[in-house]
Amino acid sequence: MEDLTSWLPREVAELYQNEGIRELYPPQAEAVEKGLLEGKSILVSVPTAAGKTMMAELAMLRAALSGGRSLYIVPLRALASEKHAAFSRFSPLGVKVGVSSGDMERRDEYLGRNHIIVATSEKADSLIRNGARWIRDLSVLVVDEIHLLDSPNRGPTLEMTITKLLRLNPQMQILGLSATVANAREVAAWLKAELVESRWRPVELKEGVICDGVLHFPGEEVPLSRRRDDLIDLVKDTIGEGGQILIFDSSRRNAEATATKLAKVVAEAIEGKAASRLSEKILATGDTETGRRLADCVRSGVAFHHAGLLAEQRAVVEGGFRSGSIKAIASTPTLAAGLNLPARRVLIKSYRRYEGSRGMVPIPVMEYRQMAGRAGRPGLDPRGEALLMAKNEAEVRDLLDHYVLGEPEEIFSKLAMEPALRTHLLSTVATGFAKDEEELKRFVDSTFYASQQEAWHLEATMERVLEFLIEGGMLEADLRPTPLGELVSRLYIDPLSARIVVENLRAKEKTKITDLTLLHMITMTPDMDTLYVQSSDGWVEDFIDEHACELCREENYDWMMREAKTAALLLEWISESEEERIADRFRVGPGDIRRVAETAEWLIHSAGRLSEHLDLGATFRIYQLEKRVHYGAGPDLLGLLDLKGVGRVRARKLHRAGYTSIERLKEAKAADLAEILGPKIAGKVIAQIRADGGGEGEEREGGGRW
């Protein structure tokens with residue numbers, strides 16, 4: 001290991017030394033030797049916890065201390081928040097840090113005041129489309145989890161964002177970070193980057209398979225002390241040694257069942273005060289069955305973690321695990337995507353997962369590596385252990401050969417997929433990266449796709465996509481963007497979504513458009529993930545028959561079922577149904593409700609902008625619906641919902657008490673509002689209305705007028 005002071009400016013070295021870091025890890029030292037601190041681009045492919053983030057920090061600090069700006073791209077919003085918090089510790093060095101999330105139709109120019117900006121790839125792409133000026137002046141680009149170039153969902157956006165940023169900032173240093181890039185040299189060549197590739201870890205990782213009470217490692221077998229149930233025995237053994245365990249399961253239902261099973265076992269082995277406080281925090285996030293189940297588990301020092309939870313609930317679970325109050329988490333694979341939650345042991349309880357028409361299929365080796373890499377807490381564990389679970393000896397051998405001893409898959413560009421090209425070809429033209437077909441082909445030639453195979457393979461698909469965009473009025477025949485095309489690009493929606501919205505608004509007479517019409521219309525778009533229809537959802541067909549005149553025309557009845565179910569959920573949401581009732585009826589988690597509502601709000605806003613641009617006659621109604629979806633509230637509450645701290649529940653309480661508008665609230669007595677809202681919220685409401693000039697010179701003592 002190399003001493004920090006021999007490489008870094010004094011103030012930077014001191015900051016790390018105060019954190020207990022006195023030496024560079026071998027991969028970090030190699031990166032420095034290959035030009036990390038001299039502005040050289042580097043692809044880093046090293047195991048989890050081997051110091052990838054610190055390499056990025058060093059490059060960004062070098063740029064910041066000389067007045068440069070860095071963009072750090074992450075795959076998830078939760079990870080963006082985590083990185084923003086971590087990088088904010090550089091403020092004593094005068095380094096300003098910002099995070100960009102939320103509205104996709106904003107330039108967020110204010111972010112240009114920061115030295116380090118953290119964003120998801122989608123938000124970074126959106127900032128380019130909306131013309132953020134600071135994006136053209138980057139010194140450093142860091143791409144965390146760069147292996148996601150291989151993802152069908154995120155890969156094309158990540159690839160095109162990198163390509164555009166390199167075009168805008170040709171001298172920019174780029175750092176690609178990953179624990180698993182099998183074809184790292186190929187990716188490095190595309191980025192014109194040096195390669196730092198290593199299997200070195202600060203904590204030894206042992207990988208193996210558990211079966212019938214025995215841990216099978218390559219060339220070694222270690223029996224557990226008990227032999228009753230592999231899962232329970234492994235968890236008990238881990239906690240008994242003072243460790244924690246992450247368990248990856250194949251589905252939400254299985255993760256919850258695993259956590260519930262373990263709760264009784266773990267409760268006997270922990271001190272419960274801290275866990276009880278965490279349980280109370282979970283209950284405070286909302287009264288739903290999922291929340292109550294999670295709180296019961298957390299009280300026993302166990303948790304489950306999946307996308308059906310609220311963001312606040314996931315944050316409590318993650319914080320409780322980091323503090324050691326939660327000893328075991330049963331999770332779907334979402335937790336493996338970059339969040340900093342190392343554990344003594346990782347158990348992949350199920351290495352198969354459900355994938356639509358393919359049924360249960362084995363996970364890729366690359367995904368296994370992401371999960372296994374969470375094992376071993378630096379500074380806390382002498383080693384980490386990652387284990388797969390097998391049913392018999394034959395399966396033990398197969399898992400050892402395929403996962404433990406096998407090599408991860410190479411990553412390949414997914415840019416050739418038509419939905420991806422539809423979106424990204426339009427934005428490439430609309431943002432001026434290509435002014436004609438020849439320039440567009442040259443731009444595509446600079447992508448990762450073109451570095452892997454001849455770009456002419458794309459030509460037929462590109463021709464179909466360009467024809468679609470021209471027919472849809474988004475491009476002229478000479479590939480100049482139309483005002484509609486520029487708007488669709490800025491809105492960050494699929495051009496097919498825009499076409500569906502425009503065609504349905506034109507097809508429906510203005511007088512026949514209802515809230516349900518608009519909700520069904522947005523569920524028809526490819527940007528909306530619709531709900532699965534289960535055998536117990538017989539009511540959906542009745543719903544379709546009952547509301548046939550309000551629904552948009554849909555040729556595929558299977559799609560219609562999923563769209564109608566999703567629209568029905570949104571209808572209940574804006575009708576102020578309790579979240580527990582919605583979750584129970586639609587068989588979703590509270591996080592799913594919020595996610596569907598958030599996507600719907602974005603698409604309804606986009607529909608409003610399209611209606612306004614094309615004068616389609618439904619603009620006012622759409623914007624009203626957008627606000628209702630944001631709050632999950634009826635139209636009679638719209639006048640109250642702009643007050644901070646007053647959500648749909650408190651607004652309804654005020655409305656029932658006769659305070660139906662801001663004007664009515666100005667006449668309220670402070671004591672009356674305190675009784676309805678509680679003293680703290682009532683005080684905030686009074687302060688807001690007073691700031692608007694509503695209560696000057698009026699009494700505020702003894703329950704009088706404020």
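The lining of the largest cavity comprises 5 nonpolar, 1 polar and 3 charged residues, in a model that is predicted. In this classification Ala, Val, Leu, Ile, Met, Phe, Trp, Tyr, Cys and Pro count as nonpolar, Asp, Glu, Lys and Arg as charged, and the others, Gly among them, as polar. The lining residues are Ile73, Val74, Pro75, Ser121, Asp144, Glu145, Leu148, Arg154 and Leu158. The volume of this cavity is about 50 Å³, and the structure holds 3 cavities of 30 Å³ or more. Cavities and pockets were located on a 1 Å grid over the protein atoms alone: a cavity is a set of points where a 1.4 Å probe fits but cannot get out, a pocket is an open set with protein on both sides within 12 Å along at least five of seven lines, and lining residues have an atom within 4 Å of a point. Grid points are joined across faces, edges and corners, and a volume is the space filled by probe spheres set on the points.

Residues are numbered from 1 along each chain as its sequence is written. Local features in this predicted model need pLDDT of at least 70 and side-chain atom pairs count only at pLDDT 80 or more, while totals for chains, interfaces and linings use all residues, and side-chain values use heavy atoms, with hydrogens and water left out.

At least two lining residues come from each of helix H3 (52–65), helix H4 (77–87) and helix H12 (311–323). Helices (H or I, at least four residues) and strands (E, at least two) are DSSP runs, numbered from the N terminus.

Aromatic contacts were examined next. A pair of aromatic rings is described by the distance of the centres and the angle of the planes. Rings of Phe, Tyr and Trp (its six-membered ring) pair if their centres lie within 6.5 Å; planes under 30 degrees apart count as stacked, over 60 as edge-to-face and the rest as tilted. The whole structure contains 9 aromatic pairs. One of these joins Trp190 and Phe448, a tilted pair with 5.3 Å between the centres and 45° between the planes. This pair links distant parts of the chain, with Trp190 in helix H7 (residues 184–191) and Phe448 in helix H17 (residues 448–452), 258 residues apart. Trp190 and Phe448 are both buried, where buried means under 20% relative accessible area, exposed over 50%, and partly exposed in between (1.4 Å probe, protein chains only).

The ring centres of Phe433 and Phe443 are 5.7 Å apart and the planes stand at 55°, so this pair is also tilted. Phe433 is in the loop between helix H15 (418–430) and helix H16 (437–444), and Phe443 is in helix H16, 10 residues apart. Phe433 is buried at a relative accessible area of 9%, and Phe443 is buried at 0%. Elsewhere, ring pairs link Tyr72, Phe87 and Phe90 into a cluster.

Charges over ring faces were also found. A charge sits over a ring if NZ of Lys or CZ of Arg is within 6 Å of the ring centre and within 35 degrees of the ring normal. Arg422 lies over the face of Phe468, 5.9 Å from the ring centre. Arg585 lies over the face of Trp539, at 3.9 Å from the ring centre.

The search for disulfides, defined as pairs of cysteine sulfur atoms within 2.5 Å, returned 0 in the whole structure. The cysteine sulfur closest to that of Cys552 belongs to Cys549, and at 12 Å is too far for a bond. Cys552 is buried, with a relative accessible area of 4%. Cys297 is likewise buried, at 3%.

Pro156 lies in helix H6 (residues 155–168) and is buried at 3% relative accessibility.

Most residues other than glycine have a negative phi. Lys192, in the loop between H7 and strand E9 (194–197), has a positive phi near 55° and is exposed, with a relative accessible area of 74%. Asp615 also has a positive phi near 55°. Asp615 lies in the loop between helix H25 (590–614) and helix H26 (619–631) and is exposed at 68% relative accessibility.
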